[in-house]
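Trainee: I'm new to this one. Could you pick a single part and walk me through it closely?

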Amino acid sequence: MSCCGGNDKVNVSLNVEGMSCNHCKMTVEKELGKLAGVESVEVDLEGKKVAVTYDQKKVTEDKIKETITNAGYEVV
Ligand SMILES: [Cu+2]
């Protein structure tokens with residue numbers, strides 16, 4: 001058990017197709033926010049990017065991609 005820090009937190013920036021409006025943005029943020037270990041989600045509609053900060057001990061990048069896909073968008 002580590003208490004103060006460590007390298008568990010990572011940030012990924014994913015290219016996501018299909019997000020076209022604020023509703024899409026909110027959907028992606030909401031769905032990713034439900035995952036344990038996801039600390040922050042930033043959606044860039046113009047850039048078609050989703051930046052996620054997460055704890056790699058609790059959730060994986062694959063799981064994040066799967067969640068975006070299940071929400072109806074395409075991770076490219
Ligand atoms: Cu939309």
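Mentor: Let's take Tyr54: leaving out residues up to four places away in sequence, Tyr54 touches Val10, Gly37, Val38, Glu39, Val59 and Ile64. Touching here means C-beta atoms, placed from the backbone, within 7 Å. Bear in mind that this is a predicted model: local features need pLDDT of at least 70, side-chain atom pairs count only at pLDDT 80 or more, and totals for chains, interfaces and linings use all residues. Residues are numbered from 1 along each chain as its sequence is written.

Tyr54 also belongs to the largest nonpolar core, a set of 12 residues that includes Val38, Val52, Ile64 and Ile68. Such a core joins buried Ala, Val, Leu, Ile, Met, Phe, Trp, Tyr and Cys through C-beta atoms within 7 Å, and buried means 20 or more other C-beta atoms within 10 Å of a residue's own (exposed is 12 or fewer, partly exposed in between). The biggest giver to this core is β3, with three residues. Strands are DSSP runs of E, at least two residues, and helices runs of H or I, at least four, numbered from the N terminus.

β3 runs antiparallel to β2, joined by six bridges; pairing takes at least two DSSP bridges. In that pair, Val41 sits opposite Val52.

Now follow Ile64 into helix α2, where Ile64, Thr67 and Ile68 are buried. They line one face of α2 because, seen down its axis, they fall within an arc of 100 degrees. Asp62 and Asn70, on the other side, are exposed. The cover over that buried face includes β1, α1, β3 and β4.

Notes: The arc is that of the directions from the helix axis to the C-beta atoms. Two residues are in contact if their C-beta atoms, placed from the backbone, lie within 7 Å.
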